[in-house]
Amino acid sequence: MTQTHDTYAAVMTPPGASAVATITLVGPRALSVARTAFRPAAAPLPDSPPLNRIWYGQFGGPPGDAVILTVRRTHPVPWVEIHCHGGSEVVRWLTQTLEAHDVRLGPWESVIALMAETPLRARAAAALTCTPTGRTAGIILDQWRGALEQALGLIDRELAEGNRTRLSELLRYAPVGRHLTRPWRVVVAGAPNVGKSSLVNALAGFQRGVVTPVPGTTRDVVTTLTAIDGWPVELFDTAGQHPAGDALEAEGIARAREAIATADLTLWVLDSTGPPVWPDGTLPNVLWVLNKSDRPAVWGGTTLGDGVAVSAQTRAGIDELSARISGRLVPEPPPPGAAVPFAPDIADQLEAAAAESSPAAARPWIAALLSHPAKPPDPV
Ligand SMILES: Nc1nc2c(ncn2[C@@H]2O[C@H](COP(=O)(O)OP(=O)(O)OP(=O)(O)O)[C@@H](O)[C@H]2O)c(=O)[nH]1
Ligand SMILES: [Mg+2]
């Protein structure tokens with residue numbers, strides 16, 4: 001057997017129970033391997049198979065599997081897709097058949113990178129697989145369709161003319177782009193018993209954290225992934241802040257402070273049925289929440305500024321609070337089709353380009369984003 005290893009295969013579907021699994025075969029020998037291992041039920045595969053047509057037949061074996069095979073591309077590198085029955089055993093038979101034909105198995109991410117028409121399209125396809133909400137998926141799909149690539153082409157032309165207006169316009173969406181696959185961190189903090197855990201539960205829509213009338217119920221940082229207005233958010237419920245009692249409480253409070261220090265937004269919760277307890281120092285990015293609005297207030301929160309009155313118990317004001325959180329995290333949501341730097345490192349590179357002393361010096365950053373070479377697959 002030759003050890004050319006020029007042709008790769010990857011299982012594109014996750015392991016586990018499913019009706020169908022997909023295996024991609026890519027490389028110069030993809031078509032010849034398919035011709036040898038695949039026995040079509042009707043006509044054989046032609047020498048130059050038409051693209052995107054489907055053939056039904058047996059692959060590998062015996063026993064092999066009944067599969068649907070399609071040729072996605074023949075140039076510059078042949079690309080064949082095999083849709084077989086799902087389940088780990090069938091997939092194992094088929095990948096063993098491929099390995100017997102000297103095909104190297106790789107991770108699906110590498111095959112995406114190898115097959116995408118452009119590096120940014122490959123990045124967008126990979127980002128799509130781990131974006132958590134429909135809203136963020138929609139933005140990444142726009143980039144997969146070429147929104148960012150087109151914008152970078154225009155930016156490069158403008159930079160060549162000594163102008164960087166478009167580059168600064170694109171950077172408006174760098175903050176949102178950083179969070180399309182990584183949630184915003186929203187910390188819920190305040191004095192003991194003000195209703196922090198109740199508020200997290202109300203925002204998450206289920207009973208994530210323990211709620212009791214006993215002050216000091218939450219001792220550690222409890223995280224919950226949720227979506228607010230379609231944006232992925234990790235909520236951090238924290239221990240109530242007050243002059244520390246025992247060592248356990250002190251540790252909980254220290255962890256709460258650490259969480260606040262790295263938060264994208266802190267919801268500082270105040271209890272309207274008692275005197276307000278404010279944070280020790282200034283919080284860089286805070287939204288005041290006046291809780292327990294279902295009960296008679298002893299304090300009206302007149303100094304709250306843009307704060308929101310809610311009842312975590314009855315859910316009154318929770319929609320308004322969600323809208324306010326969304327507005328603080330993403331003040332300017334990108335319109336459909338807008339170019340967005342859709343990953344943290346892409347946003348970093350564009351910011352580095354904008355920080356260059358001249359438009360000419362910014363151009364290599366743009367070129368690097370457009371031409372970063374796709375890496376060949378690493379073996380699994
Ligand atoms: N009436 C009323 N009671 C509430 C509301 N939110 C919370 N509570 C009550 O306030 C008490 C404390 O609620 P928690 O959510 O545990 O408060 P916490 O801030 O997480 O408390 P610690 O974890 O102890 O710091 C419980 O008895 C809740 O039922 C509200 O909106 N209205
Ligand atoms: Mg709590």
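In what order do the strands of the open sheet of 6 strands stand? The order is S9-S10-S8-S11-S12-S13, and the pairing within this sheet is mixed. Strand S9 (222-228) and strand S13 (308-309) are its edge strands; each has a single partner strand, so one side of each is left without a neighbour in the sheet. Before we go on, please keep in mind that the model you are looking at is predicted.

Let us stay with S9 for a moment. Its pairing with strand S10 (residues 231-237) is antiparallel and runs over 7 bridges.

Helix H11 (residues 318-329) lies across strand S8 (184-190), S9, S10, strand S11 (265-271), strand S12 (286-291) and S13. Relative to S12, H11 runs at about 175 degrees. H11 also has a helix to pack against. Two packed helices are described by the angle between their axes and the distance between the axes. For helix H9 (residues 196-204) and H11, the angle is about 85 degrees and the axes are 10 Å apart. Angles of 65 to 115 degrees count as roughly perpendicular, and H9 and H11 are therefore roughly perpendicular to each other. At their meeting place, H9 brings Leu 199, Ala 202 and Leu 203, while H11 brings Ile 318, Leu 321, Ser 322 and Ile 325.

With strand S2 (residues 20-26), S1 runs antiparallel, and 4 bridges join the two; Ala 10 stands opposite Thr 24 in S2. With strand S7 (residues 104-105), S1 runs parallel, joined by 2 bridges, and Ala 9 stands opposite Leu 105 in S7. Elsewhere in this sheet, S5 and S6 run antiparallel and are joined by 5 bridges, with Ile 68 standing opposite His 83 in S6.

Which helices go with this sheet? Helix H3 (residues 108-115) has Ser 110, Val 111, Ile 112 and Met 115 as its buried residues. The cover over these buried residues of H3 includes S1, S2, strand S5 (65-73), S6 and H4.

That brings us to helix H4 (residues 119-128), which packs with helix H5 (residues 134-144) at an angle of about 160 degrees, the axes being 8 Å apart. Since angles over 145 degrees count as roughly antiparallel, H4 and H5 are therefore roughly antiparallel to each other. The contact is made by Arg 121, Ala 124, Ala 125, Ala 127 and Leu 128 of H4 together with Ala 137, Ile 140, Leu 141, Gln 143 and Trp 144 of H5.

Is Glu 81 buried or exposed? Glu 81 has a relative accessible area of 12%, and because buried means under 20%, Glu 81 counts as buried. Glu 81 is found in strand S6 (residues 79-85), and its side chain makes a polar contact of 3.0 Å with the side chain of Arg 72. A second polar contact, of 3.2 Å, joins the side chains of Glu 81 and His 83. Beyond its neighbours within four places in sequence, Glu 81 is in contact with residues including Thr 22, Ile 23, Thr 24 and Ile 68.

Arg 53, by comparison, is exposed, with a relative accessible area of 51%. Arg 53 has its place in the loop between strand S3 (38-40) and strand S4 (54-59). Not counting residues up to four places away in sequence, Arg 53 touches Leu 69, Thr 70 and Val 71.

Notes
Residues numbered from 1 in each chain as written. Chains lettered and ligands numbered in written order. Predicted model: local features only at pLDDT ≥ 70, side-chain atom pairs only at ≥ 80, totals over all residues. Heavy atoms only, no water. Buried < 20%, exposed > 50% of the residue type's maximum accessible area, 1.4 Å probe, protein only. Polar contact = N/O pair within 3.5 Å; in protein donor to acceptor, adjacent residues only side chain to side chain. Contact = heavy atoms within 4.5 Å. Pairing = 2+ DSSP bridges. Axes fitted to C-alpha atoms, helices over the stretch in contact; angles between N-to-C directions. Parallel < 35°, antiparallel > 145°, perpendicular 65-115°, else oblique.
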